[in-house]
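Student: I have a structure open on my screen and would like to learn how to read it. Could we go through some features together?

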Amino acid sequence: MTIVNSILAEGRKLVPLKDYDKPLLKLSKQDKTLIWQYRKLLSNEEKKLAQAQREYDLPGQSSEAKSYLAAKIDNLVANIAKTNQTIRDIKKSAYQEQLDVLA
C-alpha cells in the first residue's frame with residue numbers, strides 16, 4: 001500500500017503489462033552482472049550503516065567517538081546513494097540503447 005501511494009505521489013501510475021506500449025527493459029548478461037555486484041556492495045554498505053548507527057546510539061560515548069561515527073554514517077549514506085544512482089544509470093543506459101535500436 002505504501003509503495004503504491006509513493007509511486008502515485010511522484011506522479012507515476014501503475015499500468016497493467018498488457019496495456020504498456022513501450023519496450024520492456026532487457027538487460028545484457030554483463031549489465032545483470034554489474035547490477036548484481038553493485039547490489040552486493042549496497043547490501044554490505046547497508047549492514048555497515050546499521051552497525052554504525054547502533055554504535056552511535058550506545059550511551060556513554062565520548063564526543064570524539066560520536067563525531068567519528070557521525071562522519072562514518074554520513075560517508076556510508078553518500079556511498080549508498082551513489083551506488084543506487086549507478087544502478088539506475090546502468091538501467092537507463094540499457095533502456096536508451098533499446099530505444100535507439102527501435103528507432
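Student: Which helix is the place of Glu-45 in?

Tutor: Glu-45 sits in helix H2. Keep in mind as we go that this is a predicted model.

Student: Does Glu-45 count as buried or exposed, and why?

Tutor: The idea is to compare relative accessibility with a cut-off: buried means under 20%. Glu-45 has 9% relative accessibility, so Glu-45 counts as buried.

Student: Which residues is Glu-45 in contact with, leaving aside neighbours within four places in sequence?

Tutor: Those are Leu-76, Asn-79 and Ile-80. Two of the names, Leu-76 and Ile-80, return in the list of buried residues of H3.

Student: Where is H3, and how many residues does it have?

Tutor: Helix H3 covers residues 63–102, which makes 40 residues. From first C-alpha to last, H3 reaches 58 Å, close to the 58 Å expected at 1.5 Å a residue.

Student: How do I read a list of buried residues along a helix?

Tutor: Look at the spacing. An α-helix has 3.6 residues a turn, so residues three or four places apart point the same way. In H3, the buried residues include Leu-69, Ile-73, Leu-76, Ile-80, Thr-83 and Ile-87. Helix H2 (29–57) is part of what covers the buried residues of H3.

Student: What pattern does the protein follow along the sequence?

Tutor: The pattern is α-α-α, with 3 helices and 0 strands. Of the 103 residues, 15% count as buried.

Methods
Residues numbered from 1 in each chain as written. Predicted model: local features only at pLDDT ≥ 70, side-chain atom pairs only at ≥ 80, totals over all residues. Heavy atoms only, no water. Helix = DSSP H or I, 4+ residues; strand = E, 2+ residues; numbered from the N terminus. Buried < 20%, exposed > 50% of the residue type's maximum accessible area, 1.4 Å probe, protein only. Expected span 1.5 Å × (residues − 1). Contact = heavy atoms within 4.5 Å.
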